[in-house]
Amino acid sequence: HNEAKLEIVGHLVDSNGKPANEVFRTSGENPVLYGTTANWKCITLRDCGCDQITYARISTEHYYANKAFMGDEFIEKESIKRIYFEIDNLDAWTGRRTFQYLSGLRGNNDKYYQMKYVTPEPIVVSLPNANFHINFSLNTNSKVHPRQYIWTHCVVAELDFQDELNIKDMYEKYLYPLKLFFCLSIGQEVGIRNFKVCMNGVNRPVDLLLPIEDVNYHEVATHKMLFNLRDIEDNIFEVLNSWFENNEKMRGVFDSFHAIELTPYVEQKFSLAINAVEGYHRASYDNRVLPKSEYRAMRKRILDAVSSQDEKFVSGLLDYANEPRLRNRLKELIDNESDILLPLVDSFVVVDANRVDVFVKKVVNTRNGMTHTGQDRSDECFDSDELYDVTSFLIVLIEVYLFKTLGFSADNIKKCIGRDYRYQMLMERRGEANGSKES
């Protein structure tokens with residue numbers, strides 16, 4: 001987690017002026033503390049904790065907070081109206097041209113160079129009970145050298161809310177889904193940084209520190225992103241609103257898909273990809289094998305046929321018996337997008353009429369072999385050398401269906417998936433497999 005260390009002038013106190021060490025001795029709850037930083041900014045620390053270490057009769061106290069506001073003191077519970085923040089690679093994602101370079105000759109034949117900055121129009125998208133803005137500006141800095149200026153094109157995101165929100169609701173309903181949207185679009189984990197908030201009726205923004213994941217910044221070129229602003233500019237309202245409207249229903253899918261990028265272990269990536277596949281099918285397709293009335297009648301027949309002694313046990317087995325198995329879910333998802341996915345399947349199994357069934361069976365056996373210990377199915381599973389490629393296939397499958405959730409057309413899905421390095425790698429594998437078969 002991201003940990004920022006603040007240098008404090010004086011002592012931390014509560015709203016009554018009581019020193020922090022006394023507050024923790026007398027209060028059983030996590031208090032709110034106030035103080036001043038070394039650069040004379042007022043700070044408010046919420047959900048605070050304290051660690052005390054004593055060595056040689058000298059006590060050292062370490063205070064920490066889940067939320068830190070720098071710039072003002074807030075006695076009341078936070079109520080956020082607006083938040084500003086930066087998203088990794090947002091500048092490249094927007095693809096806006098801002099600097100124009102001109103050169104020529106003056107009347108006396110002296111050559112001149114001119115650089116012009118053109119501020120792009122801000123992007124505004126209405127979301128449920130909020131507006132999302134992407135704002136552009138130019139920052140100049142001449143402190144490096146008296147005759148040297150540094151011009152920086154800045155891209156800042158903004159969310160303003162119809163109703164004031166606390167930090168938890170703001171993060172879970174808006175900031176986190178937006179982060180996942182850009183992770184999918186850019187094609188890698190992205191960081192959200194440098195928060196500033198307007199809260200409790202004060203329009204002057206203050207700095208906000210949150211203990212969220214610290215993500216290393218990796219620059220991504222626009223053409224390597226799965227999709228960027230140019231791909232969705234004509235229907236960005238529909239795309240973003242579709243994402244937010246599906247946030248609650250698809251949260252488990254989004255979380256699993258996001259976690260794939262964070263774990264370094266291929267076995268965990270595979271398991272998370274399976275979870276995302278099952279979760280998407282459960283949320284988007286009929287989650288019953290038989291119609292409800294037909295299944296109830298069958299369940300009654302089964303329970304009537306067993307003894308009262310076994311009825312409770314059998315009833316528990318039947319609770320989820322009407323849900324499709326992973327085998328059925330995966331096969332249906334592959335069949336419904338066979339134009340994109342079937343060529344990838346061909347790189348894993350012999351190409352014939354039953355190749356999807358054979359591939360799905362091996363995927364399911366691989367998952368079962370990981371989940372149920374003591375079962376030796378090594379000859380029916382993908383081996384460790386193939387697991388990375390199989391996981392890549394599952395990730396591509398999830399991306400295809402997330403693009404469908406965003407409302408992308410079939411042609412746009414193919415274009416976006418074609419930029420994914422995993423898809424490119426699997427297509428190369430298919431070419432190699434076909435070449436070896438021919439030889």
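A residue is called buried when its relative accessible area is under 20%, exposed when that area is over 50%, and partly exposed in between, using a 1.4 Å probe and protein chains only. The model is predicted, so local features need pLDDT of at least 70 and side-chain atom pairs count only at pLDDT 80 or more, while totals for chains, interfaces and linings use all residues. Residues are numbered from 1 along each chain as its sequence is written, and side-chain values use heavy atoms, with hydrogens and water left out.

**The chain as a whole**

- The protein chain has 15 helices and 12 strands; these are DSSP runs numbered from the N terminus, with helices being H or I of at least four residues and strands E of at least two.
- Of the 439 residues in the protein chain, 41% are buried.
- Its accessible surface comes to about 25,000 Å², and carbon and sulfur atoms hold 47% of that; such areas come from the Shrake-Rupley method with a 1.4 Å probe, and for residues only the protein chains shown count as cover.
- Among contacts in the protein chain with a separation of 6 or more, 65% join residues 24 or more positions apart; contact means heavy atoms within 4.5 Å.

**Helix α10 and its partners**

- Helix α7 (residues 266–284) and helix α10 (residues 326–336) have axes that come within 10 Å and cross at roughly 80°. This makes α7 roughly perpendicular to α10.
- Axes are lines fitted to C-alpha atoms, for helices over the stretch in contact, and angles run from 0 to 180 degrees between N-to-C directions. Angles under 35 degrees count as roughly parallel, over 145 as roughly antiparallel, 65 to 115 as roughly perpendicular and the rest as oblique.
- On the α7 side the contact involves I274, V277, E278, Y280, H281 and R282, and on the α10 side L326, R329, L330, E332 and L333. The residues of this contact of α7 with α10 are six nonpolar, one polar and four charged.
- Nonpolar here covers Ala, Val, Leu, Ile, Met, Phe, Trp, Tyr, Cys and Pro; charged covers Asp, Glu, Lys and Arg; the others, Gly among them, are polar.
- α10 also packs with helix α11 (residues 338–345) at an angle of about 115°, their axes being 6 Å apart, and α10 and α11 are therefore roughly perpendicular to each other.
- L333, I334, D335 and N336 of α10 meet S338, L341 and V345 of α11. The contact of α10 with α11 has four nonpolar, two polar and one charged residue.

- S79 sits in the loop between β4 (58–70) and β5 (80–87), and its relative accessibility of 17% makes S79 buried.
- The side chains of S79 and E164 make a polar contact (2.6 Å). A polar contact is a pair of N or O atoms within 3.5 Å; within protein, one must be able to donate a hydrogen and the other to accept it, and residues adjacent in sequence count only if both atoms are side-chain atoms.
- R251 lies in helix α6 (residues 251–262) and is partly exposed at 22% relative accessibility.
- Not counting residues up to four places away in sequence, R251 touches E172, Y176, P177 and N246.

**Positive phi values**

- Most residues other than glycine have a negative phi.
- N129 has a positive phi, near 65°, and lies in the loop between β8 (123–127) and β9 (130–145).
- N194, in strand β11 (residues 192–199), has a positive phi near 55°.
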